[in-house]
Amino acid sequence: QRVAEDVVKREHQILLGQGVYADQMALAAVDPRTHFIKALVGGVDYRKSQYNRATQALRQPGSAFKPFVYYTAFASGRYAPDSTVSDTPVSYPDGYEYYSPQNYDGSFSGPISIRHALEVSRNVPAVRVGQDIGLNKVIDVCRTIGIKSPIEPVISLPLGAVDLTPLEMASAFATFASNGWHSEPTLIVQVTDSTGNVLLDNTPKPQLVLDPWAAASLNDVLRGVIDRGTATSARLDRPAAGKTGTTSSERDIWFVGYVPQLSVAVWVGNDDYTPVGKGATGGTFVAPVWRDFMMEVLRGVPVENFRPASDFPRP
């Protein structure tokens, strides 16, 4: 918790110096093995604002939402990391008009593997896959791994057209990190009275709620995001997986990432929803914040590998 508070304070000053106009930052850290909450920072300065953005601020995750879509695709048994999807212009009827998803740079790259589409964060393939597998199935997955915020099955949902909290993101990604084992995230392990009687016992009771092959496949693809994709600035001295998020209006920039022992979400933005600056992306500005926090808290923690998908039967 102390490291998280120090990192948020320090990195916020660095971001301001780099021309990111954001008055706030929040961080949530969850242990995938227990779903114990290890750190929560709700803002840059508690004396100036007691509002806890880590647990209360509902913000759009942008592309950091795509892993929920691709996990659902893998769990359907119809897609694998190397399945080909189409990154070509497409339009969907949406009310009285049509919705035509665009990529961040306005270009299209034709047939592309899911692995590469997620590494470089292409939007069109995510929308196509979302339509193919059904957005209600994606919402079901979100509910299964503890996301309680309202979610509507709008066509742009795969691009993060939903409001979630940093703690919801960190906790959901923790379930991917554990190959599908989930507990309720908790701040309090146990409460006893003065004589030692246990009044509240939150010992984790993890349940396997996701398909382990699909979760392991997603972990493998999200490692590529850090190794050679939009989040190379998040690289650690150990295997790590994660996803950048940048909303189209640049109001919210995110990085959510994990190692097998810790899942951490970092959000940067303004309370009044003003943009944080042209061209400000989660990969450029937030991934380094996540990296600095991880480097510090994982010092002396043994390096662990993610289990490969080949350990599990494919659905």
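**Close-up views of a predicted model**

**View 1. Buried residues of helix α6.** In helix α6, which spans residues 135-144, the buried positions are Leu135, Val138, Ile139, Val141 and Cys142. These residues line one face of the helix, because they fall within an arc of 155 degrees when seen down the axis of α6. The model shown here and in the other views is predicted. The packing partners of the buried α6 residues are α3 (66-75) and α5 (123-133). After α6 comes Gly146, which has a positive phi, near 95 degrees.

View 2. Val141 lies in helix α6. Its relative accessible area is 10%, so Val141 counts as buried, the limit being under 20%. Apart from neighbours within four places in sequence, Val141 is in contact with Tyr71, Thr72 and Leu210. Ala172 is 31 residues from Val141 in sequence, and the C-alpha to C-alpha separation of the two is 9.7 Å.

**View 3. The largest nonpolar core and Leu27.** In soluble globular proteins, nonpolar side chains tend to be buried together. The largest nonpolar core in this model contains 101 residues, and Leu27, Phe68 and Trp290 have the most contacts inside it. Helix α8 (residues 212-228) gives the most to this core, contributing 9 residues. Leu27 touches Ala4 and Val8, as well as Ala39, Leu40, Val41 and Ala54, when residues up to four places away in sequence are not counted. Also among the residues touched by Leu27 are Val264, Ala265, Val266 and Phe293.

**View 4. The salt bridge between Arg47 and Asp45.** Side chains of opposite charge can pair when their charged atoms come close. The structure holds 16 salt bridges, and one of them is formed by Arg47 with Asp45. The closest N and O atoms of Arg47 and Asp45 are 3.4 Å apart. Arg47 has a relative accessible area of 71% and is exposed, whereas Asp45, at 16% relative accessibility, counts as buried.

**View 5. The salt bridge between Arg78 and Asp132.** The side chains of Arg78 and Asp132 meet in a salt bridge with an N to O distance of 2.4 Å. This pair links distant parts of the chain, 54 residues apart: Arg78 is in the loop between α3 and β3 (84-87), and Asp132 is in helix α5. Asp132 has 38% relative accessibility and therefore counts as partly exposed.

View 6. Arg122 forms a salt bridge with Asp87, in which the closest N and O atoms are 2.8 Å apart. Here too the pair links distant parts of the chain, with Arg122 in the loop between α4 (114-119) and α5 and Asp87 in strand β3, 35 residues apart. Arg122 and Asp87 are both buried.

**View 7. A nonpolar surface patch.** Leu187, Ile188, Val191, Leu199 and Leu200 make a nonpolar surface patch of about 450 Å². Ile188, one of the patch residues, is placed in the loop between β7 (181-182) and β8 (190-192). With a relative accessible area of 44%, Ile188 is partly exposed.

Notes: Residues numbered from 1 in each chain as written. Predicted model: local features only at pLDDT ≥ 70, side-chain atom pairs only at ≥ 80, totals over all residues. Heavy atoms only, no water. Buried < 20%, exposed > 50% of the residue type's maximum accessible area, 1.4 Å probe, protein only. Helix = DSSP H or I, 4+ residues; strand = E, 2+ residues; numbered from the N terminus. Arc of directions from axis to C-beta. Contact = heavy atoms within 4.5 Å. Core = buried A, V, L, I, M, F, W, Y, C linked by side-chain atoms within 4.5 Å. Salt bridge = Lys/Arg side-chain N within 4 Å of Asp/Glu carboxyl O. Patch = residues over 30% accessible without salt bridge, like charges linked within 9 Å, V, L, I, M, F, W, Y side chains within 5 Å. Areas by Shrake-Rupley, 256 points an atom, 1.4 Å probe, with all protein chains shown as cover.
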